[in-house]
Amino acid sequence: MIIVNSITELLNATKKIKGSVGFVPTMGALHQGHLSLIQQARKENDYVVVSIFVNPTQFLEGEDLNAYPKKEEADKKICAWVGVNILFMPTSEMMYEPDELGIIAPAKRGFILEGSKRPKHFDGMLQVVMKLLNLISYHKPSTVRAYFGKKDAQQLALIEQMVRNYFLAVEIIPCEIIRDRDGLALSSRNIYLSPQERIQALKLSRSLKRATRLVMKKEFNVATITQTMHHLLSEIEVEYIAIVNRQFQPISEIEIGNTIILVAGKVGKTRLIDNLWI
Ligand code: AMP
């Protein structure tokens, strides 16, 4: 594995690539969720590139940009161990100039749910993903596949739309959500949780499990399922419970194969999201 800390070094390294590239963008503090993306990229491509970059433009004021967990040395070892070829670790100064041309998330999909709770988050996220995808595609390798987790479902939908709208020559590969044994969706932010808060946090995935059971019993009414979930989450500061179709439009009845149930809430000071694809 080579570690590259500048854009010039990255482009020098990717110039030598002959074959397909699997790209996994991350913000580091790698866990099993990231690992599953990297392993899938490893299986499906000749080369694997991972980026670790805590992108300042997708954090709002008052969010945890400066406190975001950093585990650089452990991350490097993990990447080497799973067979990453190139690990790209840029700085903000390399990625941005002071007065940049931006990207604005689309009005309907981009301003609901996460987009309404975290205004401008998706603009910053799309901006950095566009930059990273362009860098990885710079020397036009035969195929570029970029791997994203379904854990960030709305992010994934917006990236798919950006690739479509801007005709990017990249294939987006959605990857399954990885959970701890007790059901908690893995997240770099889980380390903020005290043992007590962790128990509370489990309610998010349990509410989704309950929703699954209701659907299995043929309860397809969105209002009924949402109400049951709200009841289960009464001790958590719920930001939203939303049941939408895969295009992120509101629905009143669950349609198997075309529905996502999303939940976001705060446990102590930690903001967590989770979802279920039905
Ligand atoms: P992050 O480092 O949080 O920006 O995440 C980098 C990538 O890993 C994104 O595509 C996430 O959706 C994905 N990811 C994060 N947590 C999980 C998880 N528990 N399961 C699957 N993918 C995940």
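# Chatting about helix α9

Me: Where does α9 bend, and by about how much?
Reply: α9 bends by about 25° at Ser-205. The bend is the angle between axes fitted to the seven residues ending there and the seven starting there. Helices (H or I, at least four residues) and strands (E, at least two) are DSSP runs, numbered from the N terminus.

Me: What kind of model is this?
Reply: It's a predicted model, where local features need pLDDT of at least 70 and side-chain atom pairs count only at pLDDT 80 or more, while totals for chains, interfaces and linings use all residues. Residues are numbered from 1 along each chain as its sequence is written, and side-chain values use heavy atoms, with hydrogens and water left out.

Me: OK, what should α9 span, and what's the distance between its ends?
Reply: α9 has 22 residues (195–216), so at 1.5 Å a residue it should span 32 Å. The expected span is 1.5 Å times one less than the number of residues. Its end C-alpha atoms are 32 Å apart, which agrees.

Me: Which residues of α9 are buried?
Reply: Among them are Ala-201, Leu-204, Ser-205 and Leu-208. Buried means under 20% relative accessible area, exposed over 50%, partly exposed in between (1.4 Å probe, protein chains only).

Me: And what covers them?
Reply: The cover includes α10 (222–232), β8 (259–267) and β9 (270–277).

Me: How do α9 and α10 pack?
Reply: Their angle is about 150°, with the axes 9 Å apart. Axes are lines fitted to C-alpha atoms, for helices over the stretch in contact, and angles run from 0 to 180 degrees between N-to-C directions. The two helices are therefore roughly antiparallel to each other, a label for angles over 145 degrees.

Me: Which residues make that contact?
Reply: From α9 they include Lys-203, Ser-207 and Arg-210, and from α10 they include Ile-225 and Met-229. Contact means heavy atoms within 4.5 Å.

Me: New topic: where's Lys-151?
Reply: Lys-151 sits in the loop between β5 (144–149) and α8 (153–165). Lys-151 is buried, with a relative accessible area of 14%. Leaving aside neighbours within four places in sequence, its contacts include Ile-177, Ser-187 and Asn-275.

Me: And Thr-270, is that one buried or exposed?
Reply: Thr-270 is buried, with a relative accessible area of 3%. Thr-270 belongs to strand β9. Its contacts, leaving aside neighbours within four places in sequence, are Arg-189, Tyr-192, Leu-193 and Gly-265.

Terms used:
Parallel < 35°, antiparallel > 145°, perpendicular 65-115°, else oblique.
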